Amino acid sequence: MVKPVFSNAEFIVRPFKKSDAKDCEQIFQTNIAKNYSSLTMEQKLAMKSVNFAKNFIEFSKRKNDRVLVLEKNGKVVGYVHFGKENQNVRVKRFQSSQEIKGWGITLIKVILPIIERYRINWRCKTISGEMGAHLERHIPALKKLGFEVQSKTEKKVGETKIEFIPVKWKAPKKIRPK
């Protein structure tokens, strides 16, 4: 049995197991079909190509990366992939299934505190990531949490350009490592 990183009445957050790979891929495939309507078919295919089951297995083996899954009633309903890059914890992927209502609340109340613990343990100064430009409606909530939201930027995924919005959270000086 894998020891949970976090547990409450609704979720268990635990380290990724190889057997979770297909579930993670399926969550992404479902979300891209339902929630990424602003992307072209070429952009969707590019995004899918970096979120295959085999990729999750590879991510979980990287020394400075972590893949955690959210489990509800014994079923994988979400995942987060993040890693240490210099003095930064970079959130690379966060997805939740349609079963989780209010993924933003889940991010704020469950995932962000876990990543914050890793930031402190890894002695990093910031947490950063990128969100798809189609998620712009979540910017006010991120700003309330203290995230700096930057201007949209294009990034290549494979050979395809996709718009993202970079975000960064800086630890208050009193808890920032030297």
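Here are some notes on a strand, a residue and a helix pair in this predicted model.

1. Let's start with strand S6, residues 126-132. Six of its seven residues are buried, so the rest of the structure largely encloses S6.

2. S6 has a parallel partner in strand S5 (residues 88-96), with four bridges between the two. If you want a spot to look at, asparagine 88 sits opposite threonine 126 of S6.

3. S6 also pairs with strand S9, residues 160-170; here the strands run antiparallel and seven bridges join them. Isoleucine 127 has tryptophan 169 in S9 as its bridge partner.

4. Next up is asparagine 31, which belongs to helix H1 (residues 21-35). Buried or exposed? Asparagine 31 has a relative accessible area of 3%, and since buried means under 20%, asparagine 31 counts as buried.

5. What does the side chain of asparagine 31 make a polar contact with? The partner is the side chain of glutamine 95, at 2.6 Å. Leaving out residues up to four places away in sequence, asparagine 31 touches Tyr36, Gln95, Ser96 and Gln98.

6. Now the helix pair. The axes of H1 and helix H3 (residues 53-61) cross at roughly 120° and come within 8 Å. That angle makes H1 oblique to H3. On the H1 side the contact is made by Ala21, Lys22, Cys24 and Glu25, while H3 brings Ala53, Phe56 and Ile57. As for handedness, H1 passes H3 in a right-handed crossing.

Technical notes:
Residues are numbered from 1 along each chain as its sequence is written. This is a predicted model: local features need pLDDT of at least 70, side-chain atom pairs count only at pLDDT 80 or more; totals for chains, interfaces and linings use all residues. Side-chain values use heavy atoms; hydrogens and water are left out. Buried means under 20% relative accessible area, exposed over 50%, partly exposed in between (1.4 Å probe, protein chains only). Two strands pair if DSSP finds at least two bridges between them. A polar contact is a pair of N or O atoms within 3.5 Å; within protein, one must be able to donate a hydrogen and the other to accept it, and residues adjacent in sequence count only if both atoms are side-chain atoms. Contact means heavy atoms within 4.5 Å. Axes are lines fitted to C-alpha atoms, for helices over the stretch in contact, and angles run from 0 to 180 degrees between N-to-C directions. Angles under 35 degrees count as roughly parallel, over 145 as roughly antiparallel, 65 to 115 as roughly perpendicular and the rest as oblique. A crossing is left-handed if the near helix is turned anticlockwise from the far one by less than a right angle, and right-handed if clockwise.
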